Structures are given as structure tokens and as C-alpha cells.
Amino acid sequence: MPYIPHTPDEVREMLDVIGAASIDELFAEIPAELRPKSFDVPPGLTEMEVRRRLERLAAKNRTDMSSFLGGGFYDHYVPSAADMLLARGEFYTAYTPYQPEASQGTLQAIFEYQTAVARLFEMECANAGVYDGGTALYEAVMMAVRHTRRKKVVVSEAVNPIYRIVLATYTKNLRLTLVTVPHMRGSDDMAALTQAVDAETAAVVVQNPNFFGTIQDFTSLFSTARDQGAVSILSGYPVLQTVLKTPGAMGADIATAEGQSLGLPLSFGGPYLGIMTCRKALVRQMPGRIAGRTADASGRTGYVLTLQAREQHIRRQKATSNICSNQALCALRALVNLCLTGEEGLTRQAALSIENAHYAAMRLCCIPEITLLNRDLPYGNEFTAVFPINAKKIVRALADEGIVAGFPLGRYYPGLENALLVCCTEKHGRDEIDRLARKVEKAL
Amino acid sequence: MSTVFAKSVPGREGVWPEKPRTEPVDFIPEGLLRGRDANLPSLSELDVVRHFTRLSSKNYGVDSNFYPLGSCTMKYNPKFTEEVAALPGFSRLHPLAPQLPGGGDMVPGALEVMYETEQLLCQITGMAAFTLHPMAGAHGELTGALMMAAYHADKGHAKTKIICPDSAHGTNPASAAIAGYEVVSIASKDGIIDPEALAAVLDDQVAGVMMTVPNTLGLFERHLPRIVELCRAADALLYYDGANLNAILGKLRVGDAGFDVVHLNLHKTFGTPHGGGGPGSGPVGVSERLIPYLPISRVFKDEAGRFSLRYDYPKSIGYVAPFYGNFGVMLKAYAYILRLGGEGLTRVSENAVLAANYLRKRLDDLLDVPFDRTCMHEFVASAERQGKNGVHALDIAKALLDRGYHAPTIYFPLIVKEAIMIEPTETESKDTLDAFVTDLREILALAETNPAAITAAPVTLPVGRLDETRAARAMEITDDLG
Amino acid sequence: MIPKDLLYSKSHEWAKIEGGVAVVGITHFAQEQLGDITYVDLPQVGAVFEAGQEMGSIESVKAASELYCPVSGEVLEVNPELDAAPEKVNADPYGEGWMIKIKVTDEPIDLMSPEEYAEIAQAEH
């Protein structure tokens, strides 16, 4: 049997030590009436057979298309060295670093990851990560609810709609009031958001760039929130964060992000990485693991999991979160990717992505009857184009040409059926963008 | 070893893309830009490769060390599954693709993998349906608790409490509390749930009872049929924490046994690596009566054999994850299940239980084993006896590290003093188990004759015991704090 | 280590009541059980508690515990030192490790004498 090393002789020897006649005897405690009624799992296959089967399934998926699909999940270039380093068994076959002396590799990497994302967002503290950007946002909201002991949460409609559904699912039984402030043609309605934040508000939640791709400054909104005793939460985009004004500079109390763009494959939605950073005053409300630096008795520097009294294994039902396993290997990948590309490389990735998106918008807007949803507002690597016809028709027509044109917004924003969210990264070439524009023009 | 930031040399070239023709300020007003460095490292590719290769050498992993960490099922992770998950036909798939018009046709292979995985997990557990969305065990627990809430609310009787035994993993009460429940703890008797203690608290406000089988002491819950009966009578749903499923594959299907909700840990039972703390995958299975409440989306197979994602389930609890869970992890588990097949999975549990009982027998003269009867895939010993010489479970753990073994789980479950929880798994050879016994016996002998040699451990690792109090007080959690 | 001039709660807080004001802390036994204390979360001045109500929490590396207010009243003062130096609770639980001063509004009930508390601590040891 694969992966099970015992020979029949060894099994016999072990049973003799135990004093059992057979392996079956070891299961004697499970009464007959509880035994499986069936166990209809097909017979095992060789490694080659399984690989062939999976290769056949993989080949059914279309990954050869030229894609402008983003929506918070982006196909950036990943250096080859990242794959090589992440393949080290010492990293990926380890468990959570409960024995720090035998886990300094993982622990120092978490510490470095925390440092890197805290610097990226200009926040004081970071944890080792949670499941993904959506659950990170939910955890941030719960931090605010605990910290303020208030129940009202103000959310901009320009926050990723999928994250907003996740938030609604988790808070359904918690008697929270979620107030959604409608967007204004793709921008956050600052006046309405500011007005919605009052002395009952636990948190105000925004995203930058927002789901439509729009870039804004939330400094004034966050200042109002502070005056009202509410917590400001911003969901960001790590790659662009090298060039955009940071949540820290805007005065956010908590910044979260989907970490996928930092070197993680799209992989059909996971595993991803929920980045969480916050001000020091909120660190004890943070969920999940945190690595800290300390020393041993002879003064050697080392790293441990710290502030564990927040966590479920100590505080049980009073813990800040139930999270145990997180996405440690994804955080390591994000760190390795950040180090390989470095300050300059990441800044270039951001600049190239922004440049390509603006080129694409310019090309599309040269086509009669195509406009931007909000041409007055700046955007980063993603923008919302509005067509004279339903955007789904564009997507369908371009699919036949081997192009994924973008994400039609009608699904989540009734009234925006003609709007299409288009993203670029540094991987897009001008020729690819020119072809998109030609095919869109043809489809109209 | 200095941090990667300390090694940074401004201007040193890494893996850079070409220089952009423009700058962000050409498109975005200056006031919206960062305008200063993020102080990320600037390093050569070799600098980075060497830094992380050296870091990796400071870790124990299953690939390098026996890792008998109880409750965590640190079995061997087959390598071919890594290649399977990295196939571009899977790894390049955008999660929003199926939401595009005609998008299901772009990802049929991925949907088929998810559908098949759900079907296999149903067969393995006897549950009626599965969701693959939860990204770890605790996430599965929360998903399960939310479904229990939805079930009771739908019946017009929202309930307020969930019962957990005192031997439960900490995630059980934490998940129940986060779902909005009050947690009631019940005391174990002879290491297992006492049906009378359960009956005493099982009133009409109890939404569910969370169990681990075998439990965290590695013991089978002998009163399971009676517990099922009690829960049915009180309309409380029975939850199965799948952390210990590695003990019962092919021997007990929790669906047949009467459980309503289960979560599995693909990263424990189904051979996917734990990654130093994740990513895991915590699929949740339900009995027939809970199907309407499963999270959306759900994978649907039509009569023509075509796959699609469906969202039209009005009673669903909603989205527990933005997409479909940790797809890359479920791919590895799917490959693992196909590789082993039904017989292979049964052998997994048989050999895991065999190895645990073997270690228990070879050690029970030197370590107290509080409930010394046939265990399942793991057992809990106690170092209380060693305490008289000033040697504690922690010291024994550290001494094991010195000898090249990862330590067992210690101080859990909470109901055993000086607990040492040992789970060898089915993939470790008898030679490895014997060597472990020899070394552990030597440690326990030293605990009698020269306790200072044990309490000083570890001495062979990059650092000795670290000052955790200082870490918590100084709170140096980034290079810039503290 | 159970001073004679204090009253005690079942949850291991002590109170010294003089002139309608109670000084509150945790007992020597409690700090010993927790181990090296790393953080004390105390209420704000002006907060009002019923006796037995949760008023904060205390953490060590491996444990966490809620703090319960032993008397009813309004918080007048919070020990400003404990934020930076939580170890004072270990070193001097009845002195420098005091936690809050509270204006007592009701006659204390359910508090124990040193002798009664000694029995409880003994039993839990």
C-alpha cells in the first residue's frame, strides 16, 4: 500500500507487543451496528494513472485566453525562484510553530512578513494572516465591534460585493446593523458615508482602489470616524500600495487586503492570503497568530508566537476569533515574492499595471459610444468602461475570440448592466491591449 | 540570523520587470500617491534564495523529522500531489471566470474536480452532501454552527446554546461563540462523554452538541448510540469534528452513525501538507435535513453530465468564503484519495491505530497513561510521575527536539495534567517508531538520574528556550516596533 | 499571603474598603496561578459596575482570565503603572499591583473573610 511502510512481519511484531491477535481487534470498541453500511470508494490507482486523470481534467479548463479579468484578483508575474523556495519540505511539511526552537525558520519568516505588510500599508502591527481578503475584512469588523462595543457598521457599496456578502453571512446571528452607503457612479459617496458615521458606529469600511478601480483619499472620512469613536477600516491592494497613499497615512485604524497579488497563483479562488494590519492600540483585538522577537537565556535572538492569550486554544469561547490553521505558506510566498521583486520591482509592477490600464482605457474610449463610468476620478490598474449594450454581450462575443474582456458589473450592481470592469497588469503587452480594443469595436 | 531587511542594499537589483515608460503621477494626482519608499528589501536573487534556504534549515518538517504531534496527523505528504495542484490548467484559473456569461464552459475540469471530491467525501463519511468552501477546520466548525442556527431558525425555534465536552479542541467553543451561541461545557467521565452529564444539560435551548470521535484523548466514544438518541429526542444536532478522522476510515461512517454535520481536515486526514500553519481545507458534510442550508455556490451536475455553479438556494446561509474554498488544497486531497482508493484508506486507519497502540504499549511502563486501554490513532500520556524530579512535559518535549524529533502535543487536552499526546500516523516505519521509543526511554531514564540534563534542553538547536514573557511584554512584532 | 485586612471574592479579587472607597486587585494565589503577567486590561474611569460584573481581563503567556468587580460602584481611578509594568501584579499584588479604586454604592455582599478565602484557595491548589 503506498505510503504505509509496514511489512506483514512488522505488523505481526507490533501486534505481539500490543497483545492483540489482529488489527481488527484494535477496532473492537466500534460496535457492529455503527460499522459502515457501505464504503464505496473506487479502488486505488497508480501515481501515473492519477496524474493522467488530473492532467485530463486540467486540460478541459480554458487557461489559454488573453484575460482582462480582475475584480480584486490579479495575474501578476511571479519569479521562478519563489516556486523553488516554496517547494522546500522544511517549510511546507511543518506544522504551526508550536515548538519555537525547532521552528525558527517559519517564525522568523512570519516576523519578516509582518514587518513587510506593516510597512506596505504604513500600519504599526500585523498578524500572520487569515484565510483571505474577504474573511480579513470580516475579522476587522469584529475587531471594531469588540473594541467599541457598538453594533452599527457602515460599509461603502463600492467595497467588493462578494466581501459584503461574506460579511452579511457571518454577522447574521450577531444582531449587528450593516448600513450600506450607495456608490456614486463608481466613486465612494464621501458625504453620505461621513453622515452615516455617528456615535453608535463601530466601524466604517471602505476599499482603495474600490471595486470599480477608483482611487480616493479617505483621510477626512477617517477623521470624522475618529471623532465619533468609530474604527476606520480600509481594504487595500498590496501591489499598488507601493505607489498609492497608504491607509496609515489616511489615518485608518485597520487595513486589510487580499494578498493573492503578491505572488500567489489565481488557483480558482484559493489558497489565498488575508492580510491584516492595525494600529498598536488594537493589536489585542487582532485574530490569529502573531510572531514576536525575543531572546533565549544566553541572549541569542529568536522568535515565538506571542500574545497567544487572545487565541482559541487558551481563551476558548472568549477568544478574539476561532481561527487556528491560517494560510502560513501563502504568507511565506508573499514575503519571498516581495523580497525577490523588492522595492523597485514591486513599484515597477504597480507602475506598469497602471500604465497598461490607462493605455487600455484610452484605446477603448477611442471607440464611439464607449465611456468610463466616472471619467473625473483617477484609477489604478482597473477601470469601469460603459458600453451602449449589455456588457455580457461583449464578454460573450470576445470569448469566441479567445479574450476574457473583463467582469460585467450587472450581476452585483443593478443598473450597471452595460458596465464592464477591465484590469491590466504588467503581464499585458500593448499588442494584447490593441487586440482587445479591435475585438470590442467589432463586437459593437 | 539577521532579518531580510537588515540584509537589504538599496539599489541592488532583484527580479524586476522592465522600466515603465510613465510614472503613476502621470495619471494619478500627487495627493493620492504614497510619495515615499515602503522600505521593502532590495536584494539580489541569490541573496533571497540563500536567506530563505537558511531559514528553512531552522525548521523541523515531516520530510526531515518524525513529527508525532498529537491531534495534527502529521503524515507524509505525497509529492506528486504538489505537481497536480500546480498544473497550469488549474493554477491559472480566475475565480470569477464561472460568474461570466458562459463561464462554466471555461472551467468544466475544475468543477468536475470539486463535484467528484464532494462525492468521494460523501462516500467516505456517509453524509448526504458536502461543501468544500471552508478553508480550515475551524472555518468548517463556524460554517457548521451557522447551518445549525439556520436549521433551527427555519423550524421556528431559534436556540441559544451549543454543548462541548471539556476535552474539546479550543476551536469548538470559539466557533460556537462566534456563531452567536452560548457554550456549555460538560465534564468527561473515564475519558469520554458521560451520557448522564449530557442529558442533564440537554434542554430545549440546545442547538447542537459538538463531538470529536475518537476524542482528543484518542478514545472511542463508547456511548455514541446513546448520545445520538438523546440529541434526536431534544432536536439538538450532532456535530462531528473531523480532526481525528484518520482513526476510523472504512471503520465508521459518521453519517451512518447519526451525525448531522461534520467537518474534515483535508490537511490532516488526506495527506495535504500543513505548510507551517496552513493553508488547510475544512469541507463540511451534512445529513439530508441540512442540505438546504449549505453555503453557496454549489456545484451542480445536470443530466447531460455538464457542471455548473448554482446560487438559487433561498435557505442557504450565504457565502462563508468569497469563492470555492482552498481549491489548490482540495486538488491534492482529491489526488490522494484516488491514489489510495477505498482499501488504501481503510489501511491508513488500521495502520495509524496499530502504530499508536504499539507506541502506547512500549511506553506505558515509564509514562502514566491515564486511560490505559486500546486507543485509536493517538494516545495521551502524562508526565506527572516525572514531576517529582522537577521534569515536566515541556522539558521532555524539548529533550525530544534535541534528539531530532518534533515534540508531541503537550498540555492538551486540558483534562489531563502534564499531558503528552502522541500521534505517530500510518506513514512512519517501525524502525522510526523503535528509534523514537529508545530515545524517549533514554530521556525518561535521565529524568530520574539527571533531571538537569532534561530541563536544560534544547541545546542542539539554533536557539535555546525563548523568553515568551519578554516577547509578550515588549511586543516586538515587526522590525519597526519595540 | 492572605492579608487579614481585606475582603475576597470567589474569583480571586481582593477589596480594601475604607471611607466608601474600595481599592481592588487580584490575590497572591491568583497571580501565582497565572504566572508571569503580560497584560492587564482595566476599565475606564467613570465606568459603573455591579458586584460580580466583568470589569476587565488579565493575561499571562499561557493563560487569560477575566476580572470581576468585587463591589458595586463607579471607577474613580485606575492604576496607571500596570499598562507599562504588568509585572507589578506578580511582584506586589496587594500593593503596587492594585488595579482600580471604586466608589462603593452598595453594601458589599458575597465577599469572604480571609479565613474563608484561605479555604477556597487551598481547595483549588
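In the predicted model, chain A is assigned three domains: domain 1 (8-60), domain 2 (66-76 + 342-443) and domain 3 (80-336), with bounds that come from an automatic or database domain assignment. The C-alpha centres of domain 1 and domain 3 of chain A are 41 Å apart. Residues are numbered from 1 along each chain as its sequence is written, and chains are lettered from A in the order in which they are written. Local features need pLDDT of at least 70, side-chain atom pairs count only at pLDDT 80 or more, totals for chains, interfaces and linings use all residues, and side-chain values use heavy atoms, with hydrogens and water left out.

Contact (heavy atoms within 4.5 Å) involves 185 residues of chain A and 207 residues of chain B. The two chains bury about 17100 Å² between them, 64% of it on carbon and sulfur atoms; buried area is the accessible area (1.4 Å probe) that two parts lose on being put together, summed over both. Of the area that chain A buries against chain B, Y3(A), E101(A) and F268(A) supply 6%, more than any other three residues.

Between chain A and chain B there are 14 salt bridges, each a side-chain nitrogen of Lys or Arg within 4 Å of a carboxyl oxygen of Asp or Glu. One of them joins R293(A) to D479(B), with the closest N and O atoms 2.9 Å apart. On the side of chain A that touches chain B, helix α13 (residues 328-365) of chain A gives the most, with 22 residues; helices are DSSP runs (H or I, at least four residues), numbered from the N terminus.

Note on methods:
Helices (H or I, at least four residues) and strands (E, at least two) are DSSP runs, numbered from the N terminus.
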